[in-house]
Amino acid sequence: MREEREIQEFENYALSYVFRFNSLQLLILCWDRDIKEDVLNKNNIILKYQYPYSILDASGNTVLSRCTSEATYHHEQLIDVTWGQGLMDEISYMRGTFSEQSEKYFEEVQKRWDEEERKLAEEHPR
């Protein structure tokens, strides 16, 4: 079993709201009115690189991106990080198109994943 997941917290976070339209799930994060520009930039960097979110720019326009996979779709409180969503997409692809070629592809992905886990374990010892 994995250890308890750490909950991501953001400085000057005020509230959030998740809502769905059929298979579209939107997450709105709201910041305190008095949030400083450097804190907002730090929060946006975390959101941009760690999570599959789209951030509205000053014009109010953006391209929406998917923030769930088939494994997390029915768990509204659980939103994949970018690498987790990518990994699930790879597994879904291989499961749907099983062949000797996809089996070799899975072995390559697994090897890369094992190497990444090893690096992370060295960088973040428990």
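Colleague: What relative accessibility does glutamate 11 have?
Modeller: Bear in mind this is a predicted model, where local features need pLDDT of at least 70, side-chain atom pairs count only at pLDDT 80 or more, and totals for chains, interfaces and linings use all residues. Residues are numbered from 1 along each chain as its sequence is written, and side-chain values use heavy atoms, with hydrogens and water left out. On our scale, buried is under 20% relative accessible area, exposed is over 50%, and partly exposed is in between (1.4 Å probe, protein chains only). Glutamate 11 counts as partly exposed, because its relative accessibility is 41%.

Colleague: Which residue forms a salt bridge with glutamate 11?
Modeller: For a salt bridge we want a side-chain nitrogen of Lys or Arg within 4 Å of a carboxyl oxygen of Asp or Glu. Here the closest N and O atoms are 3.3 Å apart. The pair ties together distant parts of the chain, 31 residues apart: glutamate 11 sits in the segment before β1 (13–21), and its partner in helix α1. That partner is lysine 42.

Colleague: Within what arc do the buried residues of α1 fall?
Modeller: The residues in question are Val39, Asn43 and Leu47, while Glu37, Asp38, Lys48 and Tyr49 are exposed on the face turned away from them. An α-helix has 3.6 residues a turn, so residues three or four places apart point the same way. We take the directions from the helix axis to the C-beta atoms. Seen down that axis, the buried residues line one face of α1, because they fall within an arc of 70°.

Colleague: How many residues does the largest nonpolar core have?
Modeller: To count, residues must be buried Ala, Val, Leu, Ile, Met, Phe, Trp, Tyr or Cys, joined through side-chain atoms within 4.5 Å. Val39 and Leu47 from the buried side of α1 belong to this core, along with Phe10, Trp31, Ile35, Tyr51 and Val81. The size of the core is therefore 7 residues.

Colleague: Asparagine 12 is in contact with which residues, leaving aside its neighbours within four places in sequence?
Modeller: Asparagine 12 lies in the segment before β1, and at 23% relative accessibility it is partly exposed. Its C-alpha is 8.3 Å from that of leucine 40, 28 residues apart along the chain. With contact meaning heavy atoms within 4.5 Å, the residues are Cys30, Trp31, Asp32, Asp34, Ile35 and Val39.

Colleague: How far apart are the closest N and O atoms of arginine 118 and glutamate 115?
Modeller: Both sit in helix α3, and being 3 residues apart, they are separated by about one helical turn. Arginine 118 is partly exposed at 39%, and so is glutamate 115 at 34%. Their salt bridge has its closest N and O atoms 2.3 Å apart.

Technical notes
Helix = DSSP H or I, 4+ residues; strand = E, 2+ residues; numbered from the N terminus.
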